[in-house]
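Hello,

Here is the structure I said I would pass on. Please look it over before reading my notes below.

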Number of protein chains: 4
Amino acid sequence: MLDFTGLRLQDDTPIYQQLIRHVQLCVVAGSVQPGDELPSRRLLSAQLGVNPNTVQKAYRQLEEEGLLRSFAGSKSVLTFTPGMAADIRARLLAAAAQGYVSQAKQLGLSADEAAAQIAQHWKEETE
Amino acid sequence: MLDFTGLRLQDDTPIYQQLIRHVQLCVVAGSVQPGDELPSRRLLSAQLGVNPNTVQKAYRQLEEEGLLRSFAGSKSVLTFTPGMAADIRARLLAAAAQGYVSQAKQLGLSADEAAAQIAQHWKEETE
Amino acid sequence: MLDFTGLRLQDDTPIYQQLIRHVQLCVVAGSVQPGDELPSRRLLSAQLGVNPNTVQKAYRQLEEEGLLRSFAGSKSVLTFTPGMAADIRARLLAAAAQGYVSQAKQLGLSADEAAAQIAQHWKEETE
Amino acid sequence: MLDFTGLRLQDDTPIYQQLIRHVQLCVVAGSVQPGDELPSRRLLSAQLGVNPNTVQKAYRQLEEEGLLRSFAGSKSVLTFTPGMAADIRARLLAAAAQGYVSQAKQLGLSADEAAAQIAQHWKEETE
DNA sequence: GTGGTCTAGACCACA
DNA sequence: GTGGTCTAGACCACT
């Protein structure tokens, strides 16, 4: 069953988006397989100390994305294909990169400076 | 007087934040000097087709940041030091880079892959 | 929940500042604890017969001061430390004292005369 | 002629009020006599780098208070009696003391603590 | 004219 | 339900 215990909720982004993102990351990381279960909405909301509606919103959006399918008895299973996982990964990466690039350009960085800055932050965050 | 005519308002982020950001960018870009005037709230709101209160909100926040100083009945002038401009630039850059790096790491990129991806998006956006 | 029913609004100072001050006084007086809730903007505005935006302005400023934390869709709770409470108290006291002292000096009072005058007004206002 | 050169304008209070206050202080301090002239509105506004209307507003209010009288030829002379000077002094003192006392009480000070605090600020500001 | 505050009421996103 | 943003327009004080 997909595990949410490692998820640290932040205050600056909507909770339901963090839940969605967490599932997506598990999918693209390969740490979860199609057919795996997700915790019931009730259980997860209790575990995270979050409003059940918030969990419901996340699950619903995942369903619309086609990643998730829910059945009677409050059982929800992942229903993604390898292609979908690759798509999600590409989409997340592209969004992140494009966001950074546009900001760096607005701030007057050159391509080389941007690369250097990324390298530096990479190192710092690793330490 | 600081110019807002080049500013295209998007509707996915609050208008007042876009106004703040525009002023900050002008400051870090060096296209304005301390002592330069800002358009009056009424004038700017008319130019942008925006409510005066929205402009007021942006101006007020800039004032709290120390970039701006307003006097009743008088003009509003920029009051930033070179150090503050550098600080803002560094803060914006660090936030952008750190955001990208953490995302790329979560998605399992290596440092080299990240750099390559940035370079690619840089080229694409320039075209 | 922090109580505003004892608050009598004057019309010589901005309402939002009176709201801020009321919260600050409750904090320094120790009549509220960190974690205590504040009434929702809608509720408080209805109670006081004031526009919701006015309450919002006060709450926002308290949030910037770090006394308050708001979450979309959730309650607003006080988030101050004992040190912050002491700071606020000291700041308010110092401002008041310093203002009086500078005025009294400008008017040519001696230290003793000032003390005597304060004592007299203290008595008069108590009666 | 009443001298404004020692006046340092602050940003937090209206300029015209600072001008009025300056004249009042000169009167209660005895550094000026009935019949003494004030600089012309034009001259004073130029000296202080202030809008002529601002000076005009201050002079007009002083006239309404009976401290000042203006004649053709833009000549303004002080027209106060010793009793008026005493009145002004008493009024300014009472306002300052009453303001401090009410604030100190709201912050939970005792009369003794208030006196001690005033004494301390008195000493500090003198140093 | 300018900045500052306020009212009235709408819309959206979030829990 | 909650907080956040925005519009529309008014009033006041200050320059």
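Which of the residues of chain C comes closest to the rotation axis? Please keep in mind that this is a predicted model. To begin with the axis: two copies of a chain are related by a rotation about an axis and a shift along it. Here, chain C is superposed on chain D by a rotation of 177° with 0.3 Å of shift along its axis, and the RMSD is 0.7 Å. That is the relation of a two-fold axis. The residue of chain C that comes closest to this axis is Ala115(C), whose C-alpha is at 2.9 Å. Of the interface residues of chain C, 100% are also interface residues in chain D, so the copies meet through the same surface.

Next, the sheet in chain C. It is open and has 3 strands in the order S1-S3-S2, with antiparallel pairing. Strand S1 (37-38) and strand S2 (68-70) of chain C are the edge strands, and each pairs on one side only. Between S1(C) and strand S3 (residues 76-78) of chain C there are 2 bridges, and Leu38(C) stands opposite Ser76(C) in S3(C). Helix H3 (residues 52-65) of chain C lies across S2 and S3 of that chain and runs at about 115° to S2(C).

Last, the DNA. DNA strand E is surrounded by 30 residues, and the closest are Ser40(B), Gly73(B), Pro14(C), Asn51(C) and Gly73(C). Among the elements that give two or more residues to this surface are helix H1 (15-29) and H3 of chain C. By type, the residues of the surface near DNA strand E are 12 nonpolar, 14 polar and 4 charged.

Regards

Methods: Residues are numbered from 1 along each chain as its sequence is written. Chains are lettered from A and ligands numbered from 1 in the order in which they are written. This is a predicted model: local features need pLDDT of at least 70, side-chain atom pairs count only at pLDDT 80 or more; totals for chains, interfaces and linings use all residues. Two strands pair if DSSP finds at least two bridges between them. Helices (H or I, at least four residues) and strands (E, at least two) are DSSP runs, numbered from the N terminus. Two residues are in contact if their C-beta atoms, placed from the backbone, lie within 7 Å. Axes are lines fitted to C-alpha atoms, for helices over the stretch in contact, and angles run from 0 to 180 degrees between N-to-C directions. A residue is near a molecule or strand if its C-beta atom, placed from the backbone, lies within 6 Å of it. Ala, Val, Leu, Ile, Met, Phe, Trp, Tyr, Cys and Pro count as nonpolar, Asp, Glu, Lys and Arg as charged, and the others, Gly among them, as polar. Copies are superposed by least squares on the C-alpha atoms of residues with pLDDT of at least 70 in both.
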